Amino acid sequence: MAFTHLPKVQQNFTCFAIVCVDFLKIPLKDILASKIRPNDLYKEIQSCSALTIGKKQLRPEQQNICFLPPPDIPDYNKFDVSLLYTLIRNLCSSLRPTQGWGNEPRETDIKIGDDIERLRLLRNNTYAHAESTCIPDTKFEDTWKKMKLVIQRIKTFTNASTNYEDELSRIKTGTFEHTTMESYKSKLQIDVDFFKDYELKDQPEISIEGIGRLSSGGTAHFKANINNVVSSEWTNYWEKVKGMTTEKLILHDKKYTGSSKTVLIIWHVSKEDEGFYQASISQNNKTYISNSIELQVAEAFYCRIINFRGGQFSWIAHSFTG
């Protein structure tokens with residue numbers, strides 16, 4: 001069958017797909033090597049519980065190529081983008097991005113960790129075009145220019161094992177057929193699916209528990225359970241939702257004495273305290289909200305006997321609002 005060139009917009013998509021699958025691992029490999037020598041990688045992984053146990057531990061196929069006990073030495077050239085990003089994120093604390101891992105950098109953020117996140121976002125944005133397999137020329141040239149600036153900054157940080165510019169030029173000037181595009185589209189999807197799974201596991205989890213129905217004058221107790229969060233990096237707060245209004249609670253108010261970021265105590269509840277209560281955590285532009293518990297306050301009653309005549313009681317019921 002004759003070789004058929006792709007239309008330009010599909011050529012653009014294929015270029016970026018090849019960059020994401022084949023090229024990005026080269027600067028990431030150099031970054032990892034600049035921080036951890038291959039013969040030290042085993043002990044570094046061994047001392048990082050996040051990589052050896054729990055939800056985000058390395059997959060068996062990853063361990064088979066990177067977690068090699070001495071005298072075996074891992075070959076960084078065999079690591080793909082997913083593995084390299086995971087190792088850098090968990091083992092290279094000094095490279096933490098300005099806005100934190102998994103967050104989009106601001107334009108003025110130019111630390112090496114910020115550029116690693118820009119490469120991650122490049123991969124996500126490329127995959128967003130996978131269904132149509134088309135990237136318009138203007139968008140292609142603008143994104144390519146920004147990517148080259150990122151790569152140039154990374155080159156100054158690492159002892160580059162490859163001429164990054166030459167590799168990018170070779171990809172950009174290449175001509176590809178439909179089978180090449182489909183092959184790299186599939187490879188890109190596998191890579192993106194791994195990152196989505198990884199990022200989901202890393203996503204903060206927040207829920208609250210407590211009893212929502214009390215008698216007037218009682219004390220409400222709610223507890224927040226928060227996982228996958230470094231407390232110093234997030235802001236925790238309690239909220240009350242009533243109708244269309246959401247109120248951020250002021251915990252130093254006497255009403256909430258003894259409350260904290262993870263515990264909410266409401267003293268002497270009354271009808272005014274009714275509503276839905278929830279806990280929230282936020283960092284930068286991200287906010288995660290727990291489930292809500294509706295606080296319902298039942299009025300307490302007592303009876304006052306006012307008369308006793310002929311074996312019959314007369315009484316009046318009073319509500320007790322505390």
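The legends below describe an overview and several close-up views of one predicted model.

In this predicted model, local features need pLDDT of at least 70 and side-chain atom pairs count only at pLDDT 80 or more, whereas totals for chains, interfaces and linings use all residues. Residues are numbered from 1 along each chain as its sequence is written, and side-chain values use heavy atoms, with hydrogens and water left out.

**Overview. The chain as a whole.** The chain has 10 helices and 11 strands, taken as DSSP runs numbered from the N terminus (helices H or I, at least four residues; strands E, at least two). Of the 322 residues in the chain, 41% are buried (under 20% relative accessible area, with exposed over 50% and partly exposed in between; 1.4 Å probe, protein chains only).

**View 1. Helix α2 and its cover.** In helix α2 (residues 25-35), the buried residues are Ile26, Pro27, Leu28, Lys29, Asp30, Ile31 and Leu32. The elements that cover these buried residues include α1 (8-23), α6 (81-91), α7 (112-127), α8 (137-157) and α9 (164-172), where contact means heavy atoms within 4.5 Å.

**View 2. The aromatic pair of Phe23 and Tyr164.** The structure holds eight aromatic pairs (rings of Phe, Tyr and Trp, the last by its six-membered ring, with centres within 6.5 Å; planes under 30 degrees apart count as stacked, over 60 as edge-to-face and the rest as tilted). The rings of Phe23 and Tyr164 have centres 6.1 Å apart and planes at 90 degrees, so this pair is edge-to-face. The pair links distant parts of the chain, with Phe23 in helix α1 and Tyr164 in helix α9, 141 residues apart, and both Phe23 and Tyr164 are buried.

**View 3. The aromatic pair of Tyr42 and Phe67.** Tyr42 and Phe67 form a stacked pair, 4.6 Å centre to centre with 20 degrees between the planes. This pair also links distant parts of the chain, since Tyr42 lies in helix α3 (residues 41-46) and Phe67 in the loop between α5 (60-66) and α6, 25 residues apart. Phe67 counts as buried because its relative accessibility is 18%.

**View 4. Lysines over tyrosine rings.** The charged end of Lys187 sits over the ring of Tyr184, 4.7 Å from its centre, and that of Lys248 sits over the ring of Tyr237, 4.5 Å from its centre (NZ of Lys or CZ of Arg within 6 Å of the ring centre and within 35 degrees of the ring normal).

**View 5. The surroundings of Asp273.** Asp273 is found in the loop between β6 (263-266) and β7 (275-283) and is buried, with a relative accessible area of 8%. Not counting residues up to four places away in sequence, Asp273 touches Lys240, Lys255, Ile266, His268 and Leu295.
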